Amino acid sequence: MEILVAVIALAGALLAAVATGALIRRLRDEPEGWLIAWTVSAGALCLSLVVIGIGHFLGFGPVTFRIYQVTGSLLAPLWLAVGLIQLLADKAPPRFLAWLFGIALTIVSGAILFFDPLRSTDLGKTLPSGSALWGLIPDYLLIGVHAIDVLVLLACVVVAALKWRSGDEYDTDNLHAVLVIAPSSVALVGAMRFAVPPLFTTALLAVAAAAIWYTVLRPLAPYEDDDEDEMEAPEEDRERRPGRRAAPEPVPAAEPPPVAPPRRSPGLGDLVAEYRAGDQQVDYAARMTGPPESGPATGYIMNGAPPPRMDTSPRMEAAPQRPDYSMPGTGVAYPGAELFSPSQPQQAGGRPSPNIYGLLTVFTIMDGAGEAFDRLAEATVEAVRRGEPDTLVYACHAVKSAPLQRIVYELYRDEVAYRDHQRQPHVERFLNERQAMVLATNVIELNVNAAKVVPLPTVMF
């Protein structure tokens with residue numbers, strides 16, 4: 001039986017060593033807290049299994065027994081629990097407290113277990129039981145550590161299940177990971193705490209190492225589109241997800257590649273909803289200036305630009321202006337207002353404000369969804385015209401040579417105006433309802449160097 005236990009222990013040690021190496025390689029690109037904690041656990045399991053194999057071949061002594069107990073009974077379950085807290089916690093304080101508690105308990109308990117005298121030093125070649133050899137203080141210390149581990153593991157299962165009920169695929173992956181790690185950790189605590197045959201104890205140590213390896217390779221493996229998701233996700237959402245699996249930062253490309261629609265985003269910018277205008281100073285004085293007087297309700301002139309004038313001279317009867325149908329059809333086009341503050345009209349030789357923030361979004365829509373997309377865009381632009389005075393230009397264009405493409409051109413008085421635009425209910429509606437119509441999206445950030453913007457001709461219905 002001793003030979004069989006030794007073989008299982010050495011095979012499990014090899015598995016734990018491979019898992020530890022995989023975790024260390026992953027840490028180079030992704031220094032997540034749960035990866036660090038589980039690397040400590042995998043290394044402790046590897047060392048514990050090596051000691052078990054050596055002890056069943058050559059016999060156990062005080063040193064090998066202490067190493068086996070410190071690594072298998074203390075470090076492995078403790079840092080598995082700390083890793084689950086790092087994975088599931090949304091805020092920094094719980095993660096910090098978990099680190100502080102884990103490090104303090106490791107140092108204090110490790111010192112006690114290594115230096116407290118044993119009840120006996122004649123151990124033999126059979127895996128010794130910790131409760132039979134530890135003194136009063138180490139024994140009660142391990143009981144307390146194991147009780148804390150079990151409570152934390154059960155709490156993590158409950159938290160992961162609650163997050164999964166109202167979460168997304170990341171929360172599903174986290175629940176999958178917790179349901180693998182938590183039972184194996186509880187079984188490991190039971191094997192180290194109670195009188196279990198050495199064969200089962202060794203097997204449970206190897207199973208715990210395999211559970212870590214499986215979890216990192218499968219449910220917590222990096223997503224293939226993480227580089228795109230990290231660009232598109234709002235900054236506050238990225239801070240909310242410390243357990244999110246992230247890939248290395250991508251190298252910027254000359255042109256933004258087409259990407260799939262995002263899973264969740266609070267604004268219109270689609271996959272790159274968090275585009276920034278740069279570290280520019282926001283002109284808050286211009287933001288405080290109110291919008292000009294409202295224009296006609298039947299037109300689509302944004303920011304209240306005045307309607308086209310008609311000649312009212314008494315020499316001839318005024319004739320309404322007709323739209324120029326010779327102009328190229330641009331689909332749903334809605335003009336913007338001036339690119340300057342209403343209190344500072346554009347003059348000859350003037351330059352646009354450096355705070356102006358712009359986006360150009362190219363949508364590739366599904367076949368047959370053009371009319372529905374145009375109706376949705378028209379309603380969105382009308383809501384923007386009525387309620388967003390700091391949106392200077394918001395136009396949706398059709399492309400003559402590509403019937404399945406739409407281009408949305410946006411200019412905002414500054415980046416703060418863009419943030420305000422993202423939070424509007426009609427923008428949320430546009431984002432949600434267009435998901436079923438859009439195949440791909442390109443978002444290009446713009447800087448305005450020179451511009452002339454006048455109201456576009458409109459058609460009276």
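Helices here are DSSP runs of at least four residues, numbered from the N terminus. One of them, helix α12, spans residues 370-387 and holds both R385 and E382. The model is predicted. Its mean pLDDT is 78, and 72% of the residues reach 70 or more. This briefing covers the sheet, the helix across it, the salt bridges and the confidence.

**The sheet**

- Four strands form an open sheet, in the order β2-β3-β1-β4. Their pairing is antiparallel.
- The edges are β2 (391-399) and β4 (438-446), and each of these pairs on one side only.
- On average, neighbouring strands in this sheet are turned by 15° against each other, ignoring direction.
- Strand β1 (residues 357-365) runs antiparallel to β4, and 8 bridges join the two.
- β1 also pairs with β3 in the antiparallel sense, again over 8 bridges.
- L359 has a bridge partner in each of these strands: E445 in β4 and E410 in β3.
- I365 stands opposite V438 in β4.
- β1 is mostly covered, with 7 of its 9 residues buried.

**The helix across the sheet**

- Helix α12 lies across β1, β2, β3 (402-412) and β4.
- α12 runs at about 170° to β2.

**Salt bridges**

- Side chains of opposite charge can pair when their charged atoms come close.
- The structure holds 10 salt bridges.
- R429 has 39%, so it counts as partly exposed. E433 has 37%, so it is partly exposed as well.
- Salt bridges with shared partners join E382, R385 and R386 into one network.

**Confidence**

- Which elements have the lowest and highest mean pLDDT? Helix α11 (residues 284-287) has the lowest, at 44. Helix α3 (residues 62-88) has the highest, at 95.
- Residues 225-233 have pLDDT below 50. Beyond near neighbours in sequence, this stretch has 28 contacts in the model.
- Residues 246-251 are also below 50. This stretch has 7 contacts beyond near neighbours in sequence.
- Where pLDDT is low, the predicted coordinates should not be read in detail.

Definitions and conventions:
Residues numbered from 1 in each chain as written. Predicted model: local features only at pLDDT ≥ 70, side-chain atom pairs only at ≥ 80, totals over all residues. Heavy atoms only, no water. Salt bridge = Lys/Arg side-chain N within 4 Å of Asp/Glu carboxyl O. Buried < 20%, exposed > 50% of the residue type's maximum accessible area, 1.4 Å probe, protein only. Pairing = 2+ DSSP bridges. Axes fitted to C-alpha atoms, helices over the stretch in contact; angles between N-to-C directions. Contact = heavy atoms within 4.5 Å. pLDDT = per-residue confidence, 0-100.
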